[in-house]
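I opened the notebook to go through one model, element by element. These are my entries on what I looked up.

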Amino acid sequence: MDLSTAMRTDMCGQLSAADIGRTITVCGWVDRRREHGEHLAFVDLRDHTGVLQCVVDGSRDLRSEYVVSMTGEVRPRPEGTVNPDLSTGEVEVDVKSVEILSKAEPPPFPMDERTGVDETIRLRHRYVDLRKARMQRNLRTRALVNSTIRSAMEAQGFTEIETPMLIASTPEGARDFVVPSRKEPGSFYALPQSPQLFKQLCMVGGFDRYYQIARCLRDEDLRADRQFEFMQLDAEASFVTQDDVFEFISRTVADVSEAVTGERPAEIPEISWLDSMERFGNDKPDMRFGMELVELTPVFSDTEARVFQAECVKGICLSGGAESLSRNQVDGLVDDCKHWGAKGLAWMRVIDDDGSTKLDAGVAKFLSAQEGSDVIAALDAEPGDMVFLVADKRSMVRRVLGLLRLALGRLPVGEGGLKFVWVVDFPLFESIGDDGSPVPAHHPFTMPHPDDMQHLDDGGEALLEVRSQSYDLVLNGWELGSGSVRIHRADIQSRIFELLGIGVEEAQAKFGFLLDAFRYGAPPHAGFAFGIDRLTALLAGEENIREVIAFPKTQSGADPLTNAPGPLDSTQLEELGLRVLPSST
C-alpha cells in the first residue's frame with residue numbers, strides 16, 4: 001500500500017534491502033538515540049509501521065519522542081550489525097537533512113514494552129500509550145475485525161441499519177444510563193443497553209436481515225471483560241430458525257478469526273446448557289482442556305462415608321497432580337472451595353500398589369474398596385494423578401468444581417488455540433420469585449422450546465424445566481454473546497407476560513410500541529449479538545478488553561484522561577431542571 005504524502009516518500013517499517021541506493025524521506029517519532037563517537041549518532045525513528053535506524057550528525061538535538069522528518073540514502077548496515085528482529089534490520093539511512101516538526105517533553109513512562117506501568121498513568125496519558133507497538137497492533141486488529149464483520153454480514157445479505165442512541169428506558173436486566181431532557185424538564189432519555197427492540201421492529205418493517213456494529217451502554221460493575229460502553233455485532237433475520245442464526249454467526253466469526261490469525265476455526269460444536277453445567281460447572285465452558293466433571297452420585301448411593309451422603313457427588317481428575325501439587329497447594333485449594341461455598345473438598349492421590357491402582361491419602365480411608373475402584377474407573381485415573389470430589393447440593397457441586405477446574409487447568413488467553421462452542425437450550429426461567437411468578441432467564445420475548453410449550457401450563461417448579469430457544473457463543477471460556485428465537489405470536493407473548501405477572505397495562509407501558517407493531521404482521525425472526533471488544537481481545541491474546549479499546553474507563557468507571565465523570569456547573573443544571581442532593585454518605 002502506498003502511504004506516501006507530500007511530506008514523506010516512505011514508511012519507516014516498510015524499507016528493506018530492495019531500497020538500497022534510494023533517497024527517501026521518512027517522518028515519525030524519535031524512539032531511541034545512541035551516540036557513536038563524537039560526531040555521529042544512531043537514531044531509531046518510529047512510525048506505526050515499525051522502526052528504522054538512521055545515522056545522523058551527532059550534534060543535532062534529537063530527544064525521545066521528538067517528531068521529525070529525515071531525508072537520506074538507504075544503505076546496507078555494516079557487516080555484523082544486521083538486526084534480524086526488525087523488518088528493517090538489514091538497512092539504515094544515511095541522513096542528509098533533518099527537520100524537527102515538533103519538540104516533546106520526556107514521556108511520562110518508558111516507551112518499551114518490557115517496563116510495567118500503572119494502568120491509571122497509562123490511561124491518563126493514553127495518547128502516548130497508543131504509540132506503543134502493542135496498542136498499535138491491538139487497535140489495528142480491532143479495525144480488521146470490524147471490516148471483516150461488515151464484509152461477512154453483507155456477503156450473507158444483511159443490511160446495515162443504525163438505530164437511535166436516545167431512547168425510552170426499557171427493562172434489559174442492567175441499569176440504564178439516563179440523559180435529562182432540556183425541552184421537557186423532569187423527563188429523561190435512556191442510552192441503549194442494546195438495539196433489541198429496534199432490530200425486531202426492522203423485521204416487522206420487512207428488512208429481512210439487519211446488522212449493526214452497535215455501541216451499547218450498561219451501568220453495571222466493571223471487570224476485565226466488561227466496560228460501561230461496549231461495541232457489539234447486532235444481527236436479526238426473518239423467516240429463520242436457530243440453526244440459520246448459527247450458520248450466519250459461525251461464518252462471520254470464522255472469517256474474522258482467519259483474517260486475524262491466518263487459521264480458520266473448525267466447525268463450531270454445540271452443547272446443551274444442562275450438559276455444560278454438568279460437565280464443566282458453568283454455562284461458558286473453556287473447551288481448550290479436559291478435566292471434565294464426572295458424576296459419582298451412583299458410586300456413593302449406599303455409602304457409609306458421611307462426607308459423601310449428599311444429593312450430588314462429582315469429581316475431577318488432575319493428571320500428574322499427585323506429583324505436581326504440594327500439600328500446601330492442596331490445602332489452599334480446600335480453602336478456596338470453602339470460600340466458594342462448599343463444606344469442603346475431598347482429595348486423594350492415585351498410586352500403584354504392587355501393580356494395583358488404588359486411592360491413597362486424603363479421604364481414601366473412608367471409602368470402601370469397591371467405592372475406591374469405582375471412583376478410579378469413573379475418572380479414568382492413573383497412578384500419579386490426583387482426584388478431587390465435592391458432595392453437596394447439585395448446584396453447589398457444579399459451581400465449586402467448575403471453579404476448581406478453571407483454577408487447576410486455566411490457560412493464558414493466547415494459548416491453546418481458539419475453541420468456540422454454542423451453548424443451547426437454556427432454561428426459559430431461572431427461578432421462582434417470592435410471589436410465585438417465574439423469573440425470566442432472558443428478556444420476555446424469548447420463544448420457548450417447541451417441545452416444552454405444553455409445560456407452560458404446569459406452573460410452580462415445573463416451569464424451571466421449560467427450555468428456551470436461546471443460545472450463547474463461547475470462546476475459550478469467555479461468553480462472546482447471546483441470542484434467541486423471538487416470540488412473534490400474540491397468544492404466546494400474552495401467556496409469557498401472564499406467567500411473569502405482567503398485566504396488560506404494564507406490558508403496554510413498557511413494550512407498547514413493539515406489541516403494537518406486532519399487530520400489523522410480524523414474521524418469525526431470530527437474532528444474535530456478540531461483543532467485538534471481547535472477540536478482539538481473545539484474538540489479540542489480551543486478558544483485558546481495555547487493551548483493545550482506544551480510550552477505556554478504569555475498573556472503577558473513571559476516565560483519567562478527561563477526568564470524567566465530573567460535576568455540571570449551576571447553569572447547566574438549571575437548564576436541565578436538575579439539582580444535586582447532598583450525598584447520603
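How many bridges join strand E18 to strand E19? I counted three bridges between E18 (residues 429-432) and E19 (residues 438-440), and the two strands run antiparallel. I note here that the model is a predicted one.

Serine 431 stands opposite valine 439 of E19. E18 and E19 make a hairpin, with five residues between them. In the turn I found glycine 436 with a positive phi of about 90°.

**Open sheet**

Next I traced the strand order of a five-stranded sheet. The sheet is open, and its order reads E12-E13-E16-E14-E15 with antiparallel pairing. Which strands stand at the edges? I put E12 (294-295) and E15 (356-360) there. Each has a single partner strand, so one side of each has no neighbour in the sheet.

E14 (residues 346-353) pairs with E15 over five bridges, in the antiparallel sense. For aspartate 352, I found the bridge partner in E15 to be threonine 357.

Helix H10 (residues 394-409) lies across E12, E13 (312-318) and E16 (386-392). H10 runs at about 10° to E13.

**Helix pair**

I moved on to helix H4 (residues 196-204) and helix H12 (residues 504-518). They pack at an angle of about 15°, and their axes are 10 Å apart. Angles under 35 degrees count as roughly parallel, and H4 and H12 are therefore roughly parallel to each other. H4 passes H12 in a left-handed crossing.

Which residues make the contact? From H4 I listed Leu197, Gln200, Leu201 and Val204. From H12 I listed Phe513, Leu514, Ala517 and Phe518. Sorted by class, the H4 contact with H12 has seven nonpolar residues, one polar residue and no charged residues.

**Aromatic pairs**

Last, I went through the rings. I picked out phenylalanine 158 and phenylalanine 248. Their ring centres are 5.0 Å apart and their planes stand at 85°, so the pair is edge-to-face.

Definitions and conventions
Residues numbered from 1 in each chain as written. Predicted model: local features only at pLDDT ≥ 70, side-chain atom pairs only at ≥ 80, totals over all residues. Heavy atoms only, no water. Axes fitted to C-alpha atoms, helices over the stretch in contact; angles between N-to-C directions. Helix = DSSP H or I, 4+ residues; strand = E, 2+ residues; numbered from the N terminus. Parallel < 35°, antiparallel > 145°, perpendicular 65-115°, else oblique. Left-handed = near helix turned anticlockwise from the far one by under 90°. Contact = heavy atoms within 4.5 Å. Nonpolar A, V, L, I, M, F, W, Y, C, P; charged D, E, K, R; others polar. Pairing = 2+ DSSP bridges. Phe/Tyr/Trp six-rings, centres within 6.5 Å; stacked < 30°, edge-to-face > 60°.
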